[in-house]
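Please open the model in your viewer and keep the selection tool at hand.

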Amino acid sequence: MGKISGVRNHRNGLLAHLACLLATLSCFNFPYSVAADEAGVSLWLPGQYGSFAAVPSDPGWSFESTYYHASADASRGISFERGGAIQAGMKSPSDLFMFTPTYAFETRIFGAQAAFGTTILYGKNATSASATLTGPGGNTLSGFKSDEVLGFGDLYPTATLKWNKDVHNFMVYATTGIPVGAYQLNRLSALGLGHWAVDGGVGYTYLNEKAGIEGSVVFGLTYNFINPYTQYQSGTDAHLDWALSPILTDKVHIGAVGYFYNQITGDSGAGARLGDFKSRVAGIGPQIGFFIPFFDRESYLNLRAYSEFDARNRLEGWNAFVTFSIEASGQKEPAVANLR
């Protein structure tokens, strides 16, 4: 098969950012919050890193666009205790479009290829919630509320360094979430976190073209700064994305993808009235990718979906990505986008 070169730094959000994405929830302005990683949303976007994540790309500009849909909810049967019980049922589907221009530098840094990109997000989040709050005196407060927001999300700039040695590829990355997206304290729906956050990690890709196999794994940690609107500081998050793909031809690969997320330190701050309230979730699903000529460049189309399970203190459902990337003009052969 033809040589697969130039894997570009996709920010499906760089999203990791993206994470903005699902929905920022406050439960009816009740005096207690029902969210871990405030509102059950993290800077890291589940599934943002996939196949070929650590493979260097050719120098120059590349461009990526991603449509993302997430269906997420939490059962009414989930209880959150503090001097009583809060029972809540939440649904928060999101439809997002992300555009990520990325520039890969020709000059090497410590022998690695450096690249920088920023994800711009526009989309819609609709959130509904129902809850029953029982206080120490036995009094209850019930209700239903829904909200919808359409607009721009936070910005997610990301820098990467990538090394290649034969079939082994290594990466370090750093990203931040700039809180400029649609966010209001008293709204159920949001397209931003409402606070600054930083994320960094390492990645590895095994790419053996002769054997026709590729495997990638990316591990990262997220640190959240305090939300000045709510005085709520989400804990530190650990997350891992993985992908495994047999390469069928120089135009097609198909395989599996997945992720694991776990909050390793508790929430804190004056607004975290339910204690540390740690959260976790996992997801797994299929993917398929196509390498397509695009005028004088190469492009890549990827479709992948995840079904979530083992969620705790976090919304759970399924999500899907449709990603189309245009590689740097120096590409001469089929290129594979860095599904990130």
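A salt bridge is here a side-chain nitrogen of Lys or Arg within 4 Å of a carboxyl oxygen of Asp or Glu. The structure is a predicted model, in which local features need pLDDT of at least 70 and side-chain atom pairs count only at pLDDT 80 or more, while totals for chains, interfaces and linings use all residues. Residues are numbered from 1 along each chain as its sequence is written, and side-chain values use heavy atoms, with hydrogens and water left out.

**First stop: a charged pair**

Side chains of opposite charge can pair when their charged atoms come close. Asp 310 belongs to strand S15 and Arg 280 to strand S14, so the pair ties together parts that are 30 residues apart in sequence; strands (E, at least two residues) are DSSP runs, numbered from the N terminus. Asp 310 counts as partly exposed because its relative accessibility is 42%, and Arg 280 counts as partly exposed at 27%. In these terms buried means under 20% relative accessible area, exposed means over 50%, and partly exposed lies in between, with a 1.4 Å probe and protein chains only.

**Second stop: aromatic rings**

How many aromatic pairs does a search of the whole structure find? The search finds 17, where rings of Phe, Tyr and Trp (its six-membered ring) pair if their centres lie within 6.5 Å, and where planes under 30 degrees apart count as stacked, over 60 as edge-to-face and the rest as tilted. Select Phe 63 and Phe 99, whose ring centres are 6.3 Å apart and whose planes meet at 10°, so that the pair is stacked. This pair links distant parts of the chain, with Phe 63 in strand S2 (residues 60-74) and Phe 99 in strand S5, 36 residues apart. Phe 63 is partly exposed, with a relative accessible area of 30%, and Phe 99 counts as partly exposed at 33%.

Next, select Tyr 259 and Tyr 306, where the ring centres are 4.9 Å apart and the planes stand at 40°, so this pair is tilted. Here too distant parts of the chain are linked, since Tyr 259 lies in strand S13 (residues 252-263) and Tyr 306 in strand S15 (residues 297-312), 47 residues apart. Both Tyr 259 and Tyr 306 are buried.

Arg 304 lies over the face of Phe 321, at 4.2 Å from the ring centre, and the charged end of Arg 314 sits over the ring of Tyr 261, 4.4 Å from its centre. A charge sits over a ring if NZ of Lys or CZ of Arg is within 6 Å of the ring centre and within 35 degrees of the ring normal.

Which residues make the nonpolar surface patch of about 590 Å²? Select Phe 97, Phe 99, Ile 120, Tyr 122, Leu 150 and Phe 152. Patches are made of residues with over 30% relative accessible area and no salt bridge, like charges being joined within 9 Å and nonpolar side chains (Val, Leu, Ile, Met, Phe, Trp, Tyr) within 5 Å. Strand S5 (94-109), strand S6 (112-134) and strand S7 (140-152) each supply at least two residues of the patch. Tyr 122 is placed in strand S6 and, at 36% relative accessibility, counts as partly exposed.

Then move to Ser 325 in strand S16 (residues 316-326), which is buried with a relative accessible area of 0%. The side chains of Ser 325 and Glu 327 are joined by a polar contact of 3.2 Å, a term for a pair of N or O atoms within 3.5 Å; within protein, one must be able to donate a hydrogen and the other to accept it, and residues adjacent in sequence count only if both atoms are side-chain atoms.

**Last stop: a loop**

Most residues other than glycine have a negative phi. Select Phe 295, which has a positive phi of about 55° although it is not a glycine, in the loop between strand S14 (280-294) and S15. Phe 295 is exposed, with a relative accessible area of 78%.

How values were computed: Accessible areas come from the Shrake-Rupley method with a 1.4 Å probe; for residues, only the protein chains shown count as cover. Helices (H or I, at least four residues) and strands (E, at least two) are DSSP runs, numbered from the N terminus.
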